[in-house]
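Subject: Structure handover

Dear colleague,

Here is the structure I said I would pass on. My notes on what turned up in it follow below.

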Amino acid sequence: MSELPAGAIYDRGYRHYDGPREGRSRRIKAIVVAGVRRVLGLKRNWKTKVVPFALIVAAFGPVLAFIGIRLLVGESVGQFLGYPEYFGIVAVVLLLFAATAAPELLCPDRRQHVLALVFTRPVTRADYLAAKLAALLLVVGLVALLPLVILYAGNALTAPSAATYLRQHLGDLGRILFAGGVLTVFYAVISLAVASLAERRSLATAGLLGSFLASSALANILFFTSPPTMPGRRWLTFVSLGGLPGRFVDWVFGQRFEPNSLAGQAGFTGPAYLAALAVLTLLAGSLLAWRIARLRP
Amino acid sequence: MSQTATAPVVELRHFSKWYGDVVAVADLSFELRPGVTGLLGPNGAGKTTTLKAITGLLQPSQGEVLLFGRPLAGDPMLYRAIGVVPDGDRLYPRLTVRSYARLHADLQGLEQPATAADQAIAQVGMEALAGRRLGGLSKGERQRAKVAGAIVHQPSLLILDEPMTGMDPGQRARFIELVRALGQAGVTVLVSSHILGEVERLASQILVLVSGRLAASGDFHAIRDLMADQPRTVVVQADGARELAAGLIAMPTTVAVEVDGDRMQARTRSVQAFATELPRLARAQGVSLREVRTTDESLEQVFRYLVGRR
């Protein structure tokens, strides 16, 4: 085998592709597009569209209904649906959306053994991770931000003076984008990290929802059953994964914590909840990167 | 992919891979150059481990794997020159053949991915199935779709792990034709397969792995010639076969001779000595030879010998 053949005539009709090649962004875009299609069930049968579109309807439905009522009835309806309240609805939808979308992005690649196909192309682990994360950020961001932006636009357009509304509530738009952006990143990274641990989508979904619900229940039970003098008791508020986004949103929109609630009694301010979200996101991001680096095609 | 005139396309230098106490491949060294090479070996011989090392899907425990003279690790751009068809059903079942090939064209960053995808689909003869979902295709059709995804960027090196699994005879024939054409066009093709008859039709160069070690490499006819301890069977059709047999049995290299009418079957340790002596005897006895051929020149025979002597 080490000897060169004595002679060989090659048909030069075949040539290796030496033409222009697009860069890294093209490879990432290809995986992002495939991921978004997969999550939303696009170009697939109707059954795969039921869950994502039901959640999208749940996120957009109330805001569209509210704007419709305001258009019909006018300003007298008032603002019964405030931004922090709407974030409360969206946070539930976001959790459900991320819990179903993230496993859809990661688990089938392992379950259907296609990683060998991906990683024998010019795609690095970092490209793969960036693409999956970008796909999830796009769809989660759609649910986290767009309904609130529509609500804001609806409030402005149905106000007696749109210009006055925009001038007086410009800060709300900033708060919507900030809160929506933080929640998008938080839910996307956490859900992908959990999905990276399971090969089955159902296990990943159940794992994420279970950890949010169980941690909240556990934090409340431990907090309210332990003696008030117990050292470190107030830190139990950070154990409640499901409660952190709500406390953060309340702080962004200047809402006071319910005095009898876990957050109200724990005594931490809003920035502490933002820091908790950041730390959790960093930890989950590190876990995700570690899992992707160790994936065996 | 640019390469020097002397650099082999693939080079393994003392490649070893072990998992805990289990040695999958030990001290494997070989080179691949343009043309089709068959990778053979019984189950567990280390074929897939070797292919995974060449395609960068696992790191050697020891030794080096070079592609185009460079290590693949840390250089993902080398994948622009490589096409890989892994074993097993590794596909997104809900993608159509066209969207699957298009995805790979996008991952390769081709300038006209749609055109490249259609060309690759045509190369594997799947134009009529281009709009069908992969999950709805037969196993053989899915294999061809995988090949389309692997050749969409016209690679210089094509790695095929058990590519003919599930293909019907017609599909196999077309596939063999395609791979041979690629090999003749200067592509370096490495095909792993259990189906020896088809590897024989695909590749004259072979690598045989047995128990994680290289048992033989090169042209299988040359390997057969090296199997000196294995007598070879020569069938002779002649008018005076019995008289010829009497002369041939006197040769020290002849192991046995069997005569049935005008047909003689001899087993010899030296085909060369046999080929020299047979015409001389025929001339001396006035016997006319109608046919002389060896019957155990098959790859399967070579393979069975190599596997059996471990």
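Helix α1 of chain A, residues 24–40, has 17 residues and reaches 24 Å from its first C-alpha to its last. That is close to the 24 Å expected at 1.5 Å a residue. Please keep in mind that this is a predicted model. After α1(A) comes G41(A), which has a positive phi near 75°.

The buried residues of α1(A) are R27(A), I28(A), A30(A), I31(A), V32(A), A34(A), G35(A), R38(A), V39(A) and L40(A). On the chain A side, R26(A), R27(A), A30(A) and A34(A) take part, and they meet L103(B), D106(B) and L107(B) in α2(B). By class, this helix contact has four nonpolar, no polar and three charged residues.

Now the contact between the chains as a whole. Chain B brings 41 residues to it and chain A brings 33 residues. On chain B, β2 (22–32), β6 (82–85), α2 (97–107), α5 (169–184) and β10 (213–219) each supply at least two residues of the side that touches chain A. The most comes from α2(B), with four residues. By class, this side of chain B has 20 nonpolar, 14 polar and seven charged residues.

As for chain B itself, there are ten helices and 14 strands. Its C-alpha trace spans about 70 × 45 × 35 Å along the principal axes. Of the 310 residues of chain B, 48% count as buried. Among contacts in chain B with a separation of 6 or more, 69% are between residues 24 or more positions apart.

One strand to look at is β3(B), residues 35–40, where six of six residues are buried. G35(B), T37(B) and L39(B) point one way from the strand, while V36(B), G38(B) and L40(B) point the other way, and all are buried. β3(B) pairs in the parallel sense with β8(B), residues 188–192, over five bridges. Within that pairing, T37(B) has L190(B) as its bridge partner. β3(B) also runs parallel to β9(B), residues 205–210, to which four bridges join it. There, L39(B) stands opposite L207(B).

Further along chain B, four strands form an open sheet in the order β12-β13-β11-β14, with antiparallel pairing. β12 (254–260) and β14 (289–294) of chain B stand at the edges with a single partner strand each, so one side of each has no neighbour in the sheet. On average, neighbouring strands of this sheet are turned by 15° against each other, direction ignored. β12(B) and β13(B), residues 263–268, pair in the antiparallel sense over six bridges, and A256(B) stands opposite R267(B) in β13(B).

Two helices pack on this sheet. Helix α8(B), residues 241–249, touches β11 (232–238), β12 and β13 of chain B, and its direction makes about 170° with that of β12(B). Helix α9(B), residues 271–285, touches β11, β13 and β14 of chain B, and its direction makes about 15° with that of β11(B).

Regards

Key
Residues are numbered from 1 along each chain as its sequence is written. Chains are lettered from A and ligands numbered from 1 in the order in which they are written. This is a predicted model: local features need pLDDT of at least 70, side-chain atom pairs count only at pLDDT 80 or more; totals for chains, interfaces and linings use all residues. A residue is buried if 20 or more other C-beta atoms lie within 10 Å of its own, exposed if 12 or fewer, and partly exposed in between; C-beta atoms are placed from the backbone. Two strands pair if DSSP finds at least two bridges between them. Two residues are in contact if their C-beta atoms, placed from the backbone, lie within 7 Å. Ala, Val, Leu, Ile, Met, Phe, Trp, Tyr, Cys and Pro count as nonpolar, Asp, Glu, Lys and Arg as charged, and the others, Gly among them, as polar. The expected span of a helix is 1.5 Å times one less than its number of residues. Axes are lines fitted to C-alpha atoms, for helices over the stretch in contact, and angles run from 0 to 180 degrees between N-to-C directions.
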